[in-house]
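Work through the exercises below with the sequence and the structure at hand. Each task is followed by its solution.

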Amino acid sequence: KPADMAADVWDRIKDHPCYSEEAHHYFARMHVAVAPACNIQCNYCNRKYDCANESRPGVVSEKLTPDQAMRKVVTVANEVPQLSVLGIAGPGDACYDWTKSKSTFDAISQQIPDIKLCISTNGLALPDRVDDLARMNVDHVTITINMVDPEIGAQIYPWIYYNKRRYEGIEAARILHERQMLGLEMLTARGILTKINSVMIPGINDQHLLEVNKWVKERGAFLHNVMPLISDPAHGTHFGLTGQRGPTPMELKELQDALEGGAKLMRHCRQCRADAVGLLGEDRGQEFTLDQLPETIT
Ligand code: CLF
Ligand code: SF4
């Protein structure tokens with residue numbers, strides 16, 4: 001246990017592969033892709049990926065119903081002894097279509113009471129879900145926060161859908177920003193551990209992420225994970241089409257080094273798919289596709 005960490009916090013992260021660098025060598029996570037829809041548009045999204053909210057090569061995740069997700073988790077739990085965390089991280093937003101995420105968590109925690117529940121969101125719907133998350137003992141929440149300045153936000157998010165209407169431009173980014181900060185503060189007030197994912201977009205928010213780091217640290221974020229934009233025109237992302245490039249490994253490392261001393265950094269993220277299974281960096285998802293799952297769980 002790190003010397004500066006409280007014993008109860010260590011207890012809650014020591015078998016979570018994303019929250020503890022040490023744990024990622026020994027413990028596995030799995031994602032169930034039960035969240036198909038999203039309430040915002042990010043210029044880097046192609047709706048195929050997840051916690052990292054990224055676009056990467058590969059096949060589209062198989063979308064699951066809560067019942068299929070439950071069968072998948074029980075099957076994986078029987079075959080992957082290192083499994084400790086179940087996450088909902090896409091391919092859309094896990095807090096938007098709440099019925100699906102909530103019934104998935106309920107069903108799974110009934111079958112496997114000791115599995116840790118984890119969720120990843122863009123934050124827009126988050127404040128409305130915090131009480132449910134606390135009640136379901138979800139102890140790990142990731143919010144993707146790419147800006148704290150709506151002027152910068154407007155270059156990343158063309159629109160959001162909120163309170164039954166569509167907002168665009170700076171107004172949209174301001175609402176998203178306010179909801180993200182509110183959600184983070186509410187989680188911190190309830191003692192839920194939070195991780196902030198930020199996508200580093202050169203020329204748009206790279207230097208600004210120093211500011212983001214300060215804001216989230218002040219609001220109690222447990223970890224800050226800065227990830228490179230992966231923008232490949234072949235995947236049809238907006239940034240791919242406009243020729244926006246991602247950072248070089250050197251640029252990413254320079255920014256991470258500049259962030260040292262602020263909110264604690266995560267440096268071992270592997271930008272997982274919405275249906276990833278296994279240790280970080282290992283993806284056994286293809287071993288557990290729907291056609292390979294048992295019809296019923298006994
Ligand atoms: Fe999944 Fe995300 Fe939970 Fe981890 S992934 S919902 S916090 S269990 Fe982890 Fe993957 Fe990086 Fe995410 S390595 S993309 S940080
Ligand atoms: Fe895509 Fe995630 Fe952004 Fe929604 S929040 S548009 S799913 S990257």
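**Exercise 1.** With which residue does Arg219 form a salt bridge?

Solution. The model is a predicted one. A salt bridge requires a side-chain nitrogen of Lys or Arg within 4 Å of a carboxyl oxygen of Asp or Glu. For Arg219 the partner is Glu218, with the closest N and O atoms 3.6 Å apart. Glu218 counts as exposed, at 64% relative accessibility.

**Exercise 2.** Find the salt-bridge partner of Arg71 and describe how the two residues are placed.

Solution. Step one: the side chain of Arg71 meets that of Asp67, at 3.5 Å from N to O. Step two: the two residues lie 4 apart in helix H2, so about one helical turn separates them. Step three: Arg71 is buried, with a relative accessible area of 11%, while Asp67 is partly exposed at 44%.

**Exercise 3.** Is Lys72 buried or exposed, and which side chain of opposite charge is nearest?

Solution. Lys72 belongs to helix H2, residues 66-79. Lys72 is buried, and the nearest side chain of opposite charge is that of Asp275, 5.4 Å away. The cut-off for a salt bridge is 4 Å, so Lys72 has none. Beyond its neighbours within four places in sequence, Lys72 contacts several residues, among them Met30, Leu64, Asp275 and Phe288.

**Exercise 4.** Describe how helices H7 and H9 pack.

Solution. The axes of H7 and H9 are 10 Å apart, at an angle of about 40 degrees. Their crossing is right-handed. Leu209, Leu210 and Asn213 of H7 meet Leu255, Ala258 and Leu259 of H9. By type, the contact has 5 nonpolar residues, 1 polar and no charged.

Methods: Residues are numbered from 1 along each chain as its sequence is written. Chains are lettered from A and ligands numbered from 1 in the order in which they are written. This is a predicted model: local features need pLDDT of at least 70, side-chain atom pairs count only at pLDDT 80 or more; totals for chains, interfaces and linings use all residues. Side-chain values use heavy atoms; hydrogens and water are left out. Buried means under 20% relative accessible area, exposed over 50%, partly exposed in between (1.4 Å probe, protein chains only). Lys and Arg count as positive and Asp and Glu as negative; His and the chain ends are not counted. Contact means heavy atoms within 4.5 Å. Axes are lines fitted to C-alpha atoms, for helices over the stretch in contact, and angles run from 0 to 180 degrees between N-to-C directions. A crossing is left-handed if the near helix is turned anticlockwise from the far one by less than a right angle, and right-handed if clockwise. Ala, Val, Leu, Ile, Met, Phe, Trp, Tyr, Cys and Pro count as nonpolar, Asp, Glu, Lys and Arg as charged, and the others, Gly among them, as polar.
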